[in-house]
Amino acid sequence: MQVTAEHCPAPVPPEGSRGIDEILAAARARLDRLDPERAHLAYRAGALLVDIRPAAQRAAHGVVPGSLTVERNVLEWRFDPRCAARLPQAVDYDVPVMILCQEGYTSSLAAAALQDVGLHRATDVIGGFAAWRIAGLPALGPTPLHTSALASPVHTGWARR
């Protein structure tokens, strides 16, 4: 008999722990989330649009022109005004920051983390880059992950020499 998830009892969670659905709901309850159109208007008015997706997702799906790329694993360090590793844009706690991920889940958690650092205006884009693109807002790409400015030696005749 093959053992599947339906045949196994769910593990008992540790006391005080929360499931990811609860964590996500709590994060979103703190945010004034923006639909892509409102985010685009805020971006044009000077808010920072921060793309936290990994390079492979940006290459596969495209990017918003002029958005700031800060991968998720270093986000808090780059935006904490107290941190020596902060970006020049992290000038104070009033900076309007909008986080963009692929579908709007990770961005909610990331925006809540920036609020924990003190950036009270941090929020995210509902539906992420996918919704941004569907809304027809400015986007570039997708582009190949590995590109080279040099032509292949096979195509330039080097292989025949």
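Is Cys101 buried or exposed? Cys101 is buried, with a relative accessible area of 5%, where buried means under 20%, exposed over 50% and partly exposed in between (1.4 Å probe, protein chains only). This is a predicted model, in which local features need pLDDT of at least 70 and side-chain atom pairs count only at pLDDT 80 or more, while totals for chains, interfaces and linings use all residues. Residues are numbered from 1 along each chain as its sequence is written, and side-chain values use heavy atoms, with hydrogens and water left out.

**Confidence**

- The chain has a mean pLDDT of 89, pLDDT being the predictor's confidence in each residue, from 0 to 100.
- A value of 70 or more is reached by 85% of the residues.
- Please read residues 147–161 with care: pLDDT stays under 50 there, and the model has four contacts beyond four places in sequence for this stretch. Contact here means heavy atoms within 4.5 Å.

**Overall architecture**

- Seven helices and four strands make up the secondary structure of the chain; helices (H or I, at least four residues) and strands (E, at least two) are DSSP runs, numbered from the N terminus.
- Of the 161 residues in the chain, 35% are buried.
- Among contacts with a separation of 6 or more, 65% are between residues 24 or more positions apart.

**Nonpolar cores**

- The largest nonpolar core holds 18 residues; such a core is a set of buried Ala, Val, Leu, Ile, Met, Phe, Trp, Tyr and Cys residues joined through side-chain atoms within 4.5 Å.
- Val50, Leu75, Phe79, Val97, Ile99 and Leu114 touch the most other members of this largest core.
- Two or more residues come from each of β1 (48–51), α4, β3 and α5 (106–117), and α5 gives the most, with four residues.
- A second, separate core has 12 residues, including Tyr43, Leu49, Met98 and Leu137.

**Around Phe79 and Leu87**

- Phe79 lies in helix α4 and is buried, with a relative accessible area of 0%.
- What does Phe79 touch, not counting residues up to four places away in sequence? The partners are Leu48, Val50, Leu68, Val70, Leu87, Ala90, Val97, Leu114 and Leu119.
- Leu87 belongs to the loop between α4 (75–79) and β3 (97–100).
- Beyond its neighbours within four places in sequence, Leu87 is in contact with Leu68, Val70, Arg78 and Phe79.
- Leu87 and Val70 are 17 residues apart along the chain, and their C-alpha atoms are separated by 9.7 Å.

**Around His40**

- His40 sits in helix α2 (residues 36–44), and it is buried, with a relative accessible area of 14%.
- Setting aside residues up to four places away in sequence, His40 touches Trp132, Leu137 and Pro138.
- His40 and Trp132 are 92 residues apart in sequence, yet their C-alpha atoms are 8.6 Å apart in space.

**Cysteines, rings and a cis bond**

- Cys83, like Cys101, is buried; the relative accessible area of Cys83 is 16%.
- Zero disulfides turn up in a search of the whole structure, a disulfide being a pair of cysteine sulfur atoms within 2.5 Å.
- The charged end of Arg53 sits over the ring of Phe129, 4.3 Å from the ring centre. A charge sits over a ring if NZ of Lys or CZ of Arg is within 6 Å of the ring centre and within 35 degrees of the ring normal.
- Gly141 and Pro142 are joined by a cis peptide bond, with omega at about 5°.
- Pro142 is placed in the loop between α6 (128–134) and α7 (153–156).
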